[in-house]
Amino acid sequence: MAAYADKFAERGVKLVGLSCDDVQSHKDWIKDIEAYNKGCRVSYPIIADPSRELIEKLNMVDPEQKDTEGNPVPSRALHIVGPDKKIKLSFLYPATTGRNLDEVLRVVDALHKSAKHKVATPVNWKLGEAVVISPTVSNEEAKEMFPKGYKSTELPSKKDYLRFTNID
C-alpha cells in the first residue's frame with residue numbers, strides 16, 4: 001500500500017490499515033515496509049486490533065489459516081468505503097495471497113465514474129475506455145447526459161440497452 005499511497009491520494013482516497021497486531025508491532029513493521037519499498041513512506045494510520053474484534057465484525061478472518069496459538073489468521077481483506085460511509089466493495093483474499101493494487105485502483109476509478117454518471121464499467125474496463133450507459137437511462141436522457149454521443153450495440157434481442165459512451 002505504501003508504494004501506491006500517492007496514486008490513491010490523487011483519487012481522493014484515504015487509506016487506513018487494520019491489523020490484529022499491537023501498536024509496537026506496527027511501528028516495527030512500518031520500518032520493514034519502508035526499508036523494502038525504498039523511498040515510500042507509510043503515511044496512513046494502522047489500527048491495532050489485538051483482540052480481533054474489528055476484523056471479526058468486518059469479516060476479515062481467514063477460516064482456513066490458524067496462527068501458532070490456533071487463532072484464525074486475518075485474511076487480506078480490503079474494503080472501499082464511499083463518502084456516504086457505506087461499503088462499496090470488498091475484496092477478500094486468503095492470508096496467503098497478496099492483493100493486486102492495480103486492480104484496486106481500477107475499481108476506485110470505476111466507482112468514481114459510476115458515482116458521477118449513470119454508467120457501469122464493462123469487463124476488463126480500464127480508465128479512458130468506453131463505459132456502458134445504465135439501462136435505466138432512456139435514449140432521450142442519454143442524448144442530454146452524454147452530449148459527445150454514444151454507440152448502441154445491435155443485439156439479437158433487438159433491445160437497445162447496451163450503449164457505450166466515453167466520459168472524462
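User: Helices are DSSP runs of H or I that hold at least four residues; given that, what makes V108 a helix residue in this model?

Analyst: This is a predicted model, and in it V108 lies in helix 4, which runs over residues 101-116. A helix needs a run of at least four residues, and V108 falls inside the run 101-116.

User: Why is V108 called buried?

Analyst: The relative accessible area of V108 is 4%, and buried means under 20%, so V108 counts as buried. Leaving aside residues up to four places away in sequence, V108 touches F8, R11, V13 and I80.

User: How do you know that the chain is more spread out than a compact globule?

Analyst: The chain comes to 5 helices and 10 strands in its secondary structure. Its radius of gyration is 20 Å, whereas the globule rule gives 15 Å for 168 residues; the value is well over the rule, and therefore the chain is more spread out than a compact globule. Along the principal axes, the C-alpha atoms fill a box of roughly 60 × 35 × 25 Å.

User: Why is the pair of F91 and Y93 called stacked?

Analyst: The structure holds 1 aromatic pair. The ring centres of F91 and Y93 are 6.0 Å apart, and rings pair if their centres lie within 6.5 Å. The planes of the two rings stand at 25°, and planes under 30 degrees apart count as stacked, so the pair of F91 and Y93 is stacked.

User: Are F91 and Y93 buried or exposed, and how do you know?

Analyst: F91 has 15% relative accessibility, so F91 counts as buried, since the limit is under 20%. Y93 has a relative accessible area of 18%, and therefore Y93 is buried too.

User: What makes S134 buried, when its place is in a loop?

Analyst: S134 is found in the loop between strand 8 (131-133) and helix 5 (139-145). Its relative accessibility is 17%, and the buried class takes in values under 20%, so S134 counts as buried. Not counting residues up to four places away in sequence, S134 touches K118, V119 and R163.

User: Why are K85 and K158 called exposed, and what is the phi of each?

Analyst: K85 has a relative accessible area of 70%, which is over the 50% that exposed requires, so K85 is exposed. K158, at 67% relative accessibility, is also over 50% and therefore counts as exposed. Phi of K85 is near 70°, a positive value in a residue other than glycine, and K158 likewise has a positive phi of about 70° although it is not a glycine. K85 has its place in the loop between strand 5 (76-81) and strand 6 (87-93), while K158 is found in the loop between strand 9 (151-152) and strand 10 (163-165).

User: How do you know that N59 is exposed?

Analyst: The relative accessible area of N59 is 52%, and exposed means over 50%, so N59 is exposed. N59 lies in the loop between helix 3 (53-57) and strand 3 (61-66). The C-alpha atoms of N59 and G39, which are 20 residues apart along the chain, are separated by 33 Å.

Technical notes:
Residues are numbered from 1 along each chain as its sequence is written. This is a predicted model: local features need pLDDT of at least 70, side-chain atom pairs count only at pLDDT 80 or more; totals for chains, interfaces and linings use all residues. Side-chain values use heavy atoms; hydrogens and water are left out. Helices (H or I, at least four residues) and strands (E, at least two) are DSSP runs, numbered from the N terminus. The radius of gyration is taken over C-alpha atoms; the globule rule is 2.2 Å times the number of residues to the power 0.38. Rings of Phe, Tyr and Trp (its six-membered ring) pair if their centres lie within 6.5 Å; planes under 30 degrees apart count as stacked, over 60 as edge-to-face and the rest as tilted. Buried means under 20% relative accessible area, exposed over 50%, partly exposed in between (1.4 Å probe, protein chains only). Contact means heavy atoms within 4.5 Å.
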